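I opened this notebook to keep track of what I look up, one entry at a time.

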Amino acid sequence: YIDVLSRVSRQYLGKKNLEVNFENNRITNLAKSGKPHIFIMNHDSQAKDPQMLAAFNTLLNDEYLALGLAKTCPRPRIILNEDILLSMNERNRNIFEKMGSVGIDASIHDANTKGNTKKFIKLMREFLKGEVNIFIFPEGKNSINKSRSLAEKFQLGVAEMVARLTGRVPEVNVTPLGFAYGKKSQVDGIHIGETIKFRKEGD
């Protein structure tokens, strides 16, 4: 599965010039840990962000393969606005879902809270078993408000997940990914942040 996923992601990515920070062997250490992670990402471009996510997953999956962890490593679960999936043709939607995309109602007002909760509970159960890495854009549809800071746009979904997971596993690993797009250089970038470990108070 991981081998196929890596090849499909690479095809989707196409020929793209990228800069990635590989210092401190961060991506290798992420794979070596064998632990599930919650990856949080800025949401600057609905068109380009999926390609950047494919690029990161290609790098991470290649590390799992190189380390012989393809059979046991966490599978990706990518939380997306379900409108994105519904806007795709059936073929592309099937590909995205097989690659781990999970559509939720990201409406700022009147979201389908019950439906979203059901999906998040399933994701958290898989996370607790060490079966999945969760990828999420905390801005959601707030990303359209370009005049606001990230702190103002971030929603509480990640904090709620961490709060529910903390104490049920020894630690919850959250890793930030920064996506940047070069307008003049045509070189885009991925910055892999330092993993933050959340533990139950007193542990």
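Entry 1: I began with helix α2 (residues 26-33), where Arg26, Ile27, Thr28, Leu30 and Ala31 are the buried residues; buried stands for under 20% relative accessible area, exposed for over 50%, and partly exposed for what lies in between, with a 1.4 Å probe and protein chains only. Helices here are DSSP runs of H or I with at least four residues, strands are runs of E with at least two, and both are numbered from the N terminus. I then looked up what the buried residues of α2 pack against, and found β2 (37-41), α3 (49-66), β6 (172-180) and β7 (188-192). After α2 comes glycine 34, with a positive phi near 70 degrees.

**Entry 2: what I am reading.** I note that this is a predicted model, in which local features need pLDDT of at least 70 and side-chain atom pairs count only at pLDDT 80 or more, while totals for chains, interfaces and linings use all residues. Residues are numbered from 1 along each chain as its sequence is written, and side-chain values use heavy atoms, with hydrogens and water left out.

**Entry 3: the whole chain.** I counted eight helices and eight strands, and of the 203 residues in the chain, 44% are buried. Among contacts with a separation of 6 or more, 72% are between residues 24 or more positions apart; a contact means heavy atoms within 4.5 Å. The accessible surface is about 11,700 Å², and carbon and sulfur atoms hold 51% of that surface; the areas come from the Shrake-Rupley method with a 1.4 Å probe, and for residues only the protein chains shown count as cover.

**Entry 4: the cores.** Which residues have the most contacts inside the largest nonpolar core? I found Phe56, Leu60, Phe135, Leu177, Phe179, Ile190 and Ile192, in a core of 29 residues. Two or more residues of this core come from each of α1 (2-13), α2, β2, α3, β3 (75-81), α4 (82-86), β6 and β7, and α3 gives the most, with six residues. A nonpolar core is a set of buried Ala, Val, Leu, Ile, Met, Phe, Trp, Tyr and Cys residues joined through side-chain atoms within 4.5 Å. A second, separate core has 19 residues, including Ile38, Val132, Val162 and Val174. I also followed phenylalanine 179, which, with neighbours within four places in sequence left aside, has contacts that include Met41, Met52, Leu53, Phe137 and Ile190.

**Entry 5: strand pairing.** I took two strands as paired if DSSP finds at least two bridges between them. β3 and β4 are parallel, with four bridges, and asparagine 81 has isoleucine 104 as its bridge partner in β4. β3 also runs parallel to β5, over five bridges, where isoleucine 78 is opposite phenylalanine 135. β2 is parallel to β5 through three bridges and parallel to β6 through five.

Entry 6: How many cavities of 30 Å³ or more does a search of the whole structure find? I found one, and the largest cavity holds about 130 Å³ of space. Of the 13 lining residues, Pro50, Leu53, Ala54, Ile78 and Met99 are the closest to its centre. α3 supplies the largest share of this lining, four residues. On a 1 Å grid over the protein atoms alone, a cavity is a set of points where a 1.4 Å probe fits but cannot get out, and lining residues have an atom within 4 Å of a point; points are joined across faces, edges and corners, and the volume is the space filled by probe spheres set on them.

Conventions. 1 Å grid on protein atoms, 1.4 Å probe; cavity = no way out; pocket = protein on both sides within 12 Å on 5 of 7 lines; lining within 4 Å.
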